[in-house]
Amino acid sequence: MQLNVLDVATSAEQRAQALVAVHATSEDALRELSSVDELTRGVVDTHPARTLDDVEALVDRVRGAGARVELDVTGTPPLAHLPVIYRLAQEALTNALVHAPGAAVRLQLDSGPGGTRLVVQDDGPGPVPPQAPAHYGTVGLRERVQLVSGTLHVGPAPEGGFVVSAHLPAPARVGPEEVAP
């Protein structure tokens, strides 16, 4: 999908930056696929966990491809949420680049005692009716969010544009820090 950015890039520099972003995203996808393959074979995951730095680097790559992206982070999400957050942000930003070229995108990440909320919203034209059925990307995102007992909303934003939002509840605490329901 990110290769479609090449169709709307207006300069050689933007095309080169888009290719760098495609390369980095491809490497990320291969790493994720090898992790899934290892997991299905019972191999312990030896890959480093995602961090907020990874999310910031993703946003920087998308900016480098010519997109206007604002990132607002409040709090520190639990490590268990970061792989899901990263993948949600990656899919939402890619979709904004492809389906709303030139649109401004805001990625807001808030984390606190009640969990983590991620909202990625663009100010593009929004979906063109009739809406297409869920794509594989949306299905995969929904499954990832459900694995951490979260909720996902994908669709037109009330103010216009398109929004991907997720709420990931705080992970259960174990041991002396356990919180009674």
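Guide: Buried means under 20% relative accessible area, exposed over 50% and partly exposed in between, with a 1.4 Å probe and protein chains only. This is a predicted model, in which local features need pLDDT of at least 70 and side-chain atom pairs count only at pLDDT 80 or more, while totals for chains, interfaces and linings use all residues. Residues are numbered from 1 along each chain as its sequence is written, and side-chain values use heavy atoms, with hydrogens and water left out.

Visitor: How many residues of helix 4 are buried?

Guide: Helices (H or I, at least four residues) and strands (E, at least two) are DSSP runs, numbered from the N terminus. Helix 4 is mostly covered, with 15 of its 18 residues buried.

Visitor: Which residues of helix 3 are buried, and what caps its N-terminal end?

Guide: An α-helix has 3.6 residues a turn, so residues three or four places apart point the same way. In helix 3 the buried residues are Val 55, Leu 58, Val 59, Arg 61, Val 62 and Gly 64. The cap is Thr 51, with a side-chain oxygen 3.2 Å from the backbone nitrogen of Asp 53, and after the helix comes Gly 66, whose phi is positive, near 105 degrees.

Visitor: Which residues have the most contacts inside the largest nonpolar core?

Guide: In soluble globular proteins, nonpolar side chains tend to be buried together. A nonpolar core is a set of buried Ala, Val, Leu, Ile, Met, Phe, Trp, Tyr and Cys residues joined through side-chain atoms within 4.5 Å. The largest here has 27 residues, and Leu 88 and Leu 93 have the most contacts inside it; helix 4 gives the most to this core, with 10 residues. Contact means heavy atoms within 4.5 Å, and, leaving aside neighbours within four places in sequence, Leu 93 is in contact with residues including Leu 58, Val 59 and Val 62.

Visitor: Why does Ser 111 count as buried?

Guide: Ser 111, which lies in strand 2, counts as buried because its relative accessibility is 15%. Not counting residues up to four places away in sequence, Ser 111 touches Thr 74, Gly 75, Thr 76, Pro 77, Pro 78 and Thr 116.

Note on methods: A polar contact is a pair of N or O atoms within 3.5 Å; within protein, one must be able to donate a hydrogen and the other to accept it, and residues adjacent in sequence count only if both atoms are side-chain atoms.
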